[in-house]
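Please open the model in a viewer and keep the sequence at hand.

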Amino acid sequence: MYLRYTLLIMLFSFLTSCTKEESFDLPTDGQETSIDDNEVSTLEPTKLEVDLFDQVNEYRESLNLASLKFDKYTYSEAIRHNKYMISQGKRSHANFNNRATKIAEKVGATLVAENIADNYTTIEAVLEAWKESDGHKENLEGNFTHSAISIREDAKGKLYFTQIFFK
């Protein structure tokens, strides 16, 4: 059966920071080398990921927007994308259409978008940067119902962030 869906893709501002002020207990490059679809149900977000997810929802609620529900399959795709960016040593939206298609097929999404960032030292800083960028802000405030956030650290301590939204 042909699955019809709309994909939202935007070009985003590049987000960078020069220094790392905090260290986090996050999976690093080399850990979680692959995620089998059977393992998705066992994935649990870190405290930092939960805290950023909650802050995104608090921001949405302050604008009278509905809270986003956490989705484990989307979380696995966000983890995979962070691992890809770490392997490449840079942030990118590479293969977004593939991620969006997988999510649409798996959960029936009709609209998919993502925000990425790297090298921010706090979750507050990355959220503020997303709110100050038109494309990222549009996603934060978009007509989405579900989301997931992955934060991963490379071997040098650089943080990578991926938030995927869908409805």
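Select Gly 89 to begin: this residue follows α2 and has a positive phi, near 75°. The model is predicted; local features need pLDDT of at least 70 and side-chain atom pairs count only at pLDDT 80 or more, while totals for chains, interfaces and linings use all residues. Residues are numbered from 1 along each chain as its sequence is written, and side-chain values use heavy atoms, with hydrogens and water left out.

Next, select α2 itself, residues 72-88. Helices (H or I, at least four residues) and strands (E, at least two) are DSSP runs, numbered from the N terminus. The end C-alpha atoms of α2 are 24 Å apart, which agrees with the 24 Å that its 17 residues should span at 1.5 Å a residue (the expected span is 1.5 Å times one less than the number of residues). Of these 17 residues, 13 are buried (under 20% relative accessible area, 1.4 Å probe, protein chains only).

Move to the start of α2, where a side-chain oxygen of Asp 71 comes to within 3.3 Å of the backbone nitrogen of Tyr 73.

Now display the open sheet, whose four strands run in the order β1-β3-β4-β2 with mixed pairing (strands pair if DSSP finds at least two bridges between them). Its edge strands, β1 (69-70) and β2 (112-118), each pair on one side only. Select β3 (residues 146-153), which pairs with β1 in the parallel sense over two bridges; there, His 146 is the bridge partner of Lys 69.

How values were computed
Contact = heavy atoms within 4.5 Å. Axes fitted to C-alpha atoms, helices over the stretch in contact; angles between N-to-C directions. Buried < 20%, exposed > 50% of the residue type's maximum accessible area, 1.4 Å probe, protein only. Polar contact = N/O pair within 3.5 Å; in protein donor to acceptor, adjacent residues only side chain to side chain.
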